[in-house]
Amino acid sequence: RFSSVFVIDAVLSPDGGTVAAVTMGQEGTAFESQLQLYRVGQEEPLAALSLGNTTVLDMAHSGQVVRALGEGSLSLAGADGGGVTSYSFADRFLKGYDLGGEDFSLVLLGRYRAGAANELLVIGDDGLLVSRLEPEGQVLDLSAAGRYFAVLTSQQLDVYTRDLTLYASLDNVQGARSVQLRDDGSALLSDGESAWLYLP
């Protein structure tokens, strides 16, 4: 029960044993977000970690690390409460993301709020930049799962490993507008009326 803060989001660990919750309250004259870690069934938190005045947009739990995405940064906290590391997007604007990689997250950034995205970053669970890609053409969708991530444009689908090794490429995407990657590197493509599976 929380009496002085609001719960923004929460996510279970893959084994269902712990839960991470983000709360937002006021610290002096500023708002503050906190990441609180609990064992399921216990009322007292294992840890409470400050995320500053970040508004959390989405969360994911890898089992080892809790990923909390804000408009201006990605915060990464040890699932045992061992502290928070943040990767700042600096003066770039968030255009898209996927927090589903095995040990990494994807963020799609652009230089201007209203412009197209021009930079895709792969950020490891240690908070360090793993690799950087400048996509060719407009990115329609992206997806991460297991060791792989996929980038869909109107022209093609490319599937990479986190270090930007090209795993597979599909030239004819048949008008697909979205992609959902699976752990084995296969991809579910879809448009407004149908979906089909791409097996590299």
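Trainee: Which residue is the bridge partner of V122 in strand 12?

Mentor: Happy to start there, with the reminder that this is a predicted model, where local features need pLDDT of at least 70, side-chain atom pairs count only at pLDDT 80 or more, and totals for chains, interfaces and linings use all residues. Residues are numbered from 1 along each chain as its sequence is written, and side-chain values use heavy atoms, with hydrogens and water left out. Strand 11 (residues 119-124) and strand 12 (residues 129-133) pair in the antiparallel sense over 4 bridges; strands are DSSP runs of E, at least two residues long, numbered from the N terminus, and two of them pair if DSSP finds at least two bridges between them. In strand 12, V122 has as its bridge partner S131.

Trainee: Which residue takes a positive phi in the hairpin of strand 11 and strand 12?

Mentor: This hairpin has 4 residues between its strands. The positive phi, near 85 degrees, belongs to G127.

Trainee: What is the order of the open sheet of 3 strands?

Mentor: Its pairing is antiparallel, and the edge strands, each pairing on one side only, are strand 17 (178-181) and strand 19. Strand 17 and strand 18 pair over 4 bridges, with S178 opposite S190. Strand 18 (residues 187-190) also pairs with strand 19 over 4 bridges, so the order reads 17-18-19.

Trainee: Which residue in strand 19 stands opposite L188?

Mentor: Strand 18 and strand 19 form a hairpin with 4 residues between them. Across this antiparallel pair, L188 faces L197.

Trainee: Which residues make up the covered face of strand 19?

Mentor: In a regular strand, side chains alternate between the two faces of the sheet. Strand 19 (residues 195-198) has A195 and L197 on its uncovered face. The covered face holds W196 and Y198.

Trainee: Leaving aside neighbours within four places in sequence, which residues is A195 in contact with?

Mentor: A195 lies in strand 19, and contact means heavy atoms within 4.5 Å. Beyond those sequence neighbours, the contacts of A195 are L188, L189 and S190.

Trainee: By how many degrees are neighbouring strands turned against each other on average in the open sheet of 4 strands?

Mentor: That sheet has the order 13-14-15-16 with antiparallel pairing, and its edge strands are strand 13 (139-145) and strand 16 (166-170). Axes here are lines fitted to C-alpha atoms, and angles run from 0 to 180 degrees between N-to-C directions. With direction ignored, the average turn is 15 degrees.

Note on methods. Buried < 20%, exposed > 50% of the residue type's maximum accessible area, 1.4 Å probe, protein only.
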